[in-house]
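Subject: Structure handover

Hi,

Here is the structure I promised to pass on. Please open it next to this email. My notes follow below.

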Amino acid sequence: MGKIVLVTGAARQLGGRFVRRVQRDPGVDRVIAVDAVAPAHQLGDAVFVPADIRQPAIARVLAEHSVDTVVHLDVSGKALGAGGRTTVKETNVIGTMQLLGACQKSPTVQRLVIKSSTSVYGSAPRDPAVFTETTPPKSLPSGGFAKDAVEVEGYVRGFARRRPDVAVCVLRFANILGPEPDSPLADYLSLPVLPTVFGYDPRLQFVHEDDVVDVLEIAAREPRRGTLNSGTFNIAGDGVLLLSQCSRRLGRPTVPVLLPAVTWVGSALRTIGMTDFSPEQIRLLTHGRVVSTVQMRETLGFRPQFTTAETFEEFVKARGPGLLPPETVSRAIGRVAELPLAGGPGRGRTGTTHTTDGAR
C-alpha cells in the first residue's frame, strides 16, 4: 500500500499545485487536501476535506484516513480571501500547534514537512553577508509573518523532540516568485512606482514556484540514496539581485524615501489596500537578506531549475511592461546613485553586488 499524504493550505495556489503534483507519484496511494475554505482550482483525484487546522477536528482527519505523511503549507504571510492579519497569525501559529498536537497523537504519521521562510533570520544592519541554517539572527523578528515563522519552527522543534520516530523536514524558502506568486513582496513589486529606503540597495534572493513544488515533493518522499531529507534547509535560487536591478528589469521607477518616513508610507499603502508594506518588509528592503544553499545541494540533493535572476525574469514577463522602458529606469537610478547624499555606488554591505557563489 502506498503513502497517504495530507496537505494543508490546499486552497492556496501553491497548495493546489503540490496536491496535483504529488498525486502523480507512484508511491502515493491517496492525497487528502485540507483547508478551511473550498479551493477555486482543481485538485485532481485528491480527497478534499473542509477543515480548519485551528480546530481539534484536524486530529480526526488524520485518524480517519490513516495519514502517514503530512505536508504543512498553510503557513503564509498573506491572508486568503477577506481574512486579515489576525486570521493569518491564528492559522500560522495556533493552526500549527493544533496540527502538531494531532500528529503527536497519531500512531500512523511517519513524516512531516513544514513550509517555513528565510525571514526567520530577520534583517538587521549587522547581519552576516550570508546566513547558514545554523546562523543565529542578530535581531529576532518582532512581528508579522517573520515572527510567526519563528514561533512555528519553535513548535516544530518541540514536536521533533517528543516524536523522534517521525522524520521532520523544515524548508526555509527565500521570497517565492514566478508567473503566479501570492506574497506581500510580489504585491510590492507590482506597484507602478516602488517606494525604497533612501541610501539603501538591498540584496534579494528568489525561488521559483516550480522549484518550490519540486523540492516539496523531494521532502515528502523517502530520501534518495546518498541524501537526507530530514532537518532544516534553506531553499533559494543561485545568485542575488539588488533592488535597483529589480526596478530596472521591471521598468518601474523607484521613489527613495527617508527611513523615518517609510513607516508612514507603508501605513498609507496598507490603508488603501495596495500592499501589506509591513515593518518586516521594510527591514528586508533596507538591509536585504542572503542565505547559503550548500546544505540544499549537498545534503538534500536538490538543485533548482531557476536562478534568482531567471526567477525574477519569469515574474517580469507575467507582470508585463512597467510605466517606463527598463533602459530609462536604469539611467534614472544610475544618476540617483551617483548623488553625494546617496553615498555613491558600491558603498556598504547593502550596496555591493555579490557573485553567484556568495549565495551558495
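One definition first, for the notes on covering and packing: contact means heavy atoms within 4.5 Å. Please also keep in mind that this is a predicted model.

**Overview**

The protein chain has 360 residues, and 52% of them are buried. It holds twelve helices and 13 strands. Of the contacts with a separation of 6 or more, 81% are between residues 24 or more positions apart.

**Helix α1 and what covers it**

Start with α1, residues 13-22. This helix is mostly covered, with seven of its ten residues buried. Those are L14, G15, G16, F18, V19, R21 and V22. What covers them? The cover includes strands β1, β2, β4, β5 and β7 (175-177), along with helix α6.

**The sheet**

Seven strands form an open sheet with parallel pairing. The order is β3-β2-β1-β4-β5-β6-β11. Which strands stand at the edges? They are β3 (47-50) and β11 (231-235). Each has a single partner strand, so one side of each is left without a neighbour in the sheet. Neighbouring strands are turned by 20° against each other on average, direction ignored.

Now look at β1 and β2. Strand β1 covers residues 3-8 and strand β2 covers residues 28-35. They pair in the parallel sense over six bridges. I4 has R30 as its bridge partner in β2. K3 stands opposite V28, also in β2.

Strand β1 is mostly covered: six of its six residues are buried. K3, V5 and V7 point one way from the strand. I4, L6 and T8 point the other way. Both sets are buried.

Two helices to check here are α3 and α6. Helix α3 (residues 85-105) packs on the sheet and touches β1, β4 (69-72) and β5 (111-117). The direction of α3 makes about 175° with that of β4.

Helix α6 (residues 209-220) packs on the sheet too. Its contacts are with β1, β4, β5, β6 (167-173) and β11. The direction of α6 makes about 165° with that of β6.

**Helix against helix**

Two packed helices are described by the angle between their axes and the distance between the axes. Both values are given below for two pairs that involve α3.

Take α2 (residues 57-65) with α3. Their axes come within 8 Å and cross at roughly 40°. That makes α2 oblique to α3. The crossing is right-handed. On the α2 side, the contact involves I58, A59 and L62. They meet Q98, L99, A102 and C103 in α3.

Next, α3 with α4 (residues 144-162). Here the axes come within 10 Å and cross at roughly 5°. The two helices are therefore roughly parallel to each other. From α3, the residues in this contact are R85, K89, N92, V93, T96, M97, L100, C103 and Q104. From α4, they are G144, F145, D148, E151, V152, Y155, V156, F159 and R162. Note C103: it meets α2 residues and also takes part in the contact with α4.

**Aromatic pairs**

The structure holds three aromatic pairs. One of them is F206 with F312, and this pair is stacked. The ring centres are 5.4 Å apart, with 25° between the planes. The pair links distant parts of the chain, 106 residues apart. F206 sits in strand β10 (residues 206-208), and F312 sits in helix α11 (residues 308-319).

How are the rings of F312 and F315 arranged? Their centres are 5.8 Å apart and their planes stand at 40°, so the pair is tilted. F312 and F315 are three residues apart in α11, which means about one helical turn separates them.

F206, F312 and F315 form one aromatic cluster. Buried or exposed? F206 is buried, at 0% relative accessibility. F312 is buried, with a relative accessible area of 0%. F315 is buried, again with a relative accessible area of 0%.

**Where to look first**

Finish with the cluster of F206, F312 and F315.

Best wishes

How values were computed. Residues numbered from 1 in each chain as written. Predicted model: local features only at pLDDT ≥ 70, side-chain atom pairs only at ≥ 80, totals over all residues. Heavy atoms only, no water. Pairing = 2+ DSSP bridges. Helix = DSSP H or I, 4+ residues; strand = E, 2+ residues; numbered from the N terminus. Axes fitted to C-alpha atoms, helices over the stretch in contact; angles between N-to-C directions. Phe/Tyr/Trp six-rings, centres within 6.5 Å; stacked < 30°, edge-to-face > 60°. Buried < 20%, exposed > 50% of the residue type's maximum accessible area, 1.4 Å probe, protein only. Parallel < 35°, antiparallel > 145°, perpendicular 65-115°, else oblique. Left-handed = near helix turned anticlockwise from the far one by under 90°.
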